[in-house]
Amino acid sequence: MFALRGIVVSLSVFAIVYCVSSLFVGVLWRRIYLSAHDQPRHRVADLLFALRMFPFASAAVITAAFTVPSFLLLEPRSIDEPMSGGLVALAFCGMGLGVFGFANTASAVVRASRAISAWTAGARSLPAPTSHPVLRISHAIPPMAAVGIVRPKVLISGAAEFILSENEMRAALNHEAAHIQRRDNLKKLLLRSVAFPGMRGLETAWLESTEMAADDAAVSCAAEALDLAAALVKLSRFATPGAGFDLTAAVVTGPISIVNARVERLISWTERAVVPHSSPLWPLAAAGGLIAGFAITYGQLLVRIHAATEWLMR
């Protein structure tokens, strides 16, 4: 009974923190996004991804680092306390979040694996100035995409080879290489595991920012920016979302509004779009101060969290 109470309490706390922090992120992410809109696109993409993962991360840390230890250390094992119906309902909610996240992730992996297997059937290796394999596929769709997480590769259709010039092909390949270096397919998989109502707007903003970040990494001058813009326009006619695309990084992906915004941005490209910025030190300082504060007050926090979970059980 002691172990069952611990599981129920832990799942309940996870559900509460996850839902409350998701509501917090859903309400405030647009303001944070607008305040950081003038930052380099890769920083904006990283910020949006961190915001999207914050509910799960905060719920997991609070549950594992505080709730479970406080229960194991402070909960009497000899007392058989009844559990309220609300606590049990919250526990089922927490368990449901985990089951749904796992099922959604597994479904996305299966769809992507089947699609990639179909695309790469009969594919041929191509020489390319990248550190990742480049394969020519017989399918027209996707015209060009970075696929895979553990062993990523770039797929190029024969149609894309035919309509793109040498410079346009190079720019598009650089774009895909940037997605691989940033591990964007892995991030998409993680987003599938934390699916939650009301987060579509945040995920769309992240997708737009990460595509623009890859654009910035792919070009270093106005001529290359125009080459990539031309490649986007040419390949946009083949952009057809379907099974497997949610875990791949295609050159042309997402709503047409994102593609149009990228093309306009590349046409008006300036040196300031890719000027490197030094990483700010305040996030590291803030994280260090937060960890130090938790370390100093850890014992008191465990007592207070245990008191809160006792109130939940009544």
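This note goes through the sheet, the salt bridges, one surface patch and the cysteines of a predicted model.

1. Basis. The model is predicted, so local features require pLDDT of at least 70 and side-chain atom pairs count only at pLDDT 80 or more, while totals for chains, interfaces and linings use all residues. Residues are numbered from 1 along each chain as its sequence is written, and side-chain values use heavy atoms, with hydrogens and water left out.

2. Sheet order. The model has an open sheet of 5 strands in the order β1-β2-β4-β3-β5, with mixed pairing. The edge strands are β1 and β5 (249-250), each of which pairs on one side only. Strands (E, at least two residues) and helices (H or I, at least four residues) are DSSP runs numbered from the N terminus. Two strands pair if DSSP finds at least two bridges between them.

3. β1, β2 and β4. Strand β1 (residues 124-126) runs antiparallel to strand β2 (residues 134-137), over 3 bridges. Within that pairing, S125 has L135 of β2 as its bridge partner. On the other pairing, β2 and strand β4 (residues 153-157) are parallel over 4 bridges. There V134 stands opposite V154 in β4.

4. β3 and its partners. Strand β3 (residues 144-147) pairs with β4 in the antiparallel sense over 4 bridges. Opposite pairs include V147 with K153 of β4 and A145 with L155 of β4. The β3-β4 hairpin has 5 residues between the strands, and G148 takes a positive phi near 90° in this hairpin. β3 also pairs with β5, in the antiparallel sense over 2 bridges; here the bridge partner of A145 is A250 in β5.

5. Faces of β3. M144 and A146 point one way from β3, A145 and V147 point the other way, and all are buried. Buried means under 20% relative accessible area, exposed means over 50%, and partly exposed lies in between (1.4 Å probe, protein chains only).

6. Salt bridge network. The structure holds 11 salt bridges, a salt bridge being a side-chain nitrogen of Lys or Arg within 4 Å of a carboxyl oxygen of Asp or Glu. D46, R182, D184 and K187 are linked in a network of such bridges. One of its pairs is D184 with R182, at 3.9 Å from N to O. D184 is buried at 0% relative accessibility, and R182 is also buried, at 18%.

7. K187 and D46. These two form a salt bridge whose closest N and O atoms are 3.6 Å apart. K187 lies in helix α6 and D46 in helix α2, so the pair ties together parts that are 141 residues apart in sequence. K187 is buried, with a relative accessible area of 14%, whereas D46 is partly exposed at 35%.

8. K188. This lysine is found in helix α6 (residues 184-193) and is buried, with a relative accessible area of 6%. K188 and A249 are 61 residues apart in sequence, and their C-alpha atoms are 9.2 Å apart.

9. D216 and R265. The closest N and O atoms of this salt bridge are 2.8 Å apart. D216 lies in helix α7 (residues 200-218) and R265 in helix α9, so the pair ties together parts that are 49 residues apart in sequence. D216 is buried at 10% relative accessible area, while R265 is partly exposed at 25%. Helix α9 covers residues 256-267. The C-alpha atoms of R265 and L226 are 9.9 Å apart, at a sequence separation of 39 residues.

10. Surface patch. V68, L72, L73, L74 and V303 form a nonpolar patch on the surface, with about 430 Å² of accessible area together. Patches take residues with over 30% relative accessible area and no salt bridge, joining like charges within 9 Å and nonpolar side chains (Val, Leu, Ile, Met, Phe, Trp, Tyr) within 5 Å. Accessible areas come from the Shrake-Rupley method with a 1.4 Å probe, and for residues only the protein chains shown count as cover. Helix α2 (residues 41-74) gives the most to the patch, with 4 residues. V68 lies in α2 and counts as partly exposed at 30% relative accessibility.

11. Cysteines. The structure holds 0 disulfides; the criterion is a pair of cysteine sulfur atoms within 2.5 Å. C19 is partly exposed at 29% relative accessibility, and C221 is partly exposed at 26%.
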